[in-house]
Amino acid sequence: MSDQPTWLDGNALAGLLTEILGAELTASPRGCPSCGAVNAIGAHRLYRGAGWVLRCPQCGDVAICIVRLPDRHVVQMTGTWRFEVPR
């Protein structure tokens with residue numbers, strides 16, 4: 001069995017989140033509805049498969065799922081996200 005993690009930290013999602021939401025969000029906090037922990041997006045765990053799944057670093061609850069289709073991104077966010085987007 002490998003000691004290599006099967007995930008990346010949430011900072012690896014920075015470029016895609018900026019592309020989709022228009023702002024750099026890795027320092028933004030997210031409140032988890034399952035365990036109540038509040039962590040920066042960059043501290044979450046990112047898993048890759050058919051899309052991207054970002055999970056709470058405390059309990060593993062899903063924070064965001066992103067799938068890239070030929071003509072759009074499909075995004076599902078859970079929990080309490082707080083971010084600021086410049087005008």
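1. In this predicted model, the outward side of helix α1, turned away from its buried face, carries the exposed residues Gly15 and Glu19.

2. The buried residues of α1 are Ala14, Leu16 and Leu17. Viewed down the axis of α1, these buried residues fall within an arc of 165 degrees, so they line one face of the helix. An α-helix has 3.6 residues a turn, so residues three or four places apart point the same way.

3. Which strands are among the elements that cover the buried residues of α1? The cover includes β5, β6 and β7.

4. Those strands belong to an open sheet of five strands, in the order β1-β4-β5-β6-β7, with antiparallel pairing. Strands β1 (8-9) and β7 (72-77) stand at the edges; each has a single partner strand, so one side of each is left without a neighbour in the sheet. Helix α1 (residues 14-21) packs on this sheet and touches β5, β6 (62-69) and β7. The direction of α1 makes about 75 degrees with that of β6.

5. Within the sheet, the pairing of β4 with β5 may be examined at residue level. Strand β4 comprises residues 45-48 and strand β5 residues 52-55, and the two pair in the antiparallel sense over four bridges. Arg45 stands opposite Arg55 in β5.

6. Gly22 follows α1, and its phi is positive, near 80 degrees.

Technical notes:
Residues are numbered from 1 along each chain as its sequence is written. This is a predicted model: local features need pLDDT of at least 70, side-chain atom pairs count only at pLDDT 80 or more; totals for chains, interfaces and linings use all residues. Side-chain values use heavy atoms; hydrogens and water are left out. Two strands pair if DSSP finds at least two bridges between them. Contact means heavy atoms within 4.5 Å. Axes are lines fitted to C-alpha atoms, for helices over the stretch in contact, and angles run from 0 to 180 degrees between N-to-C directions. Buried means under 20% relative accessible area, exposed over 50%, partly exposed in between (1.4 Å probe, protein chains only). The arc is that of the directions from the helix axis to the C-beta atoms.
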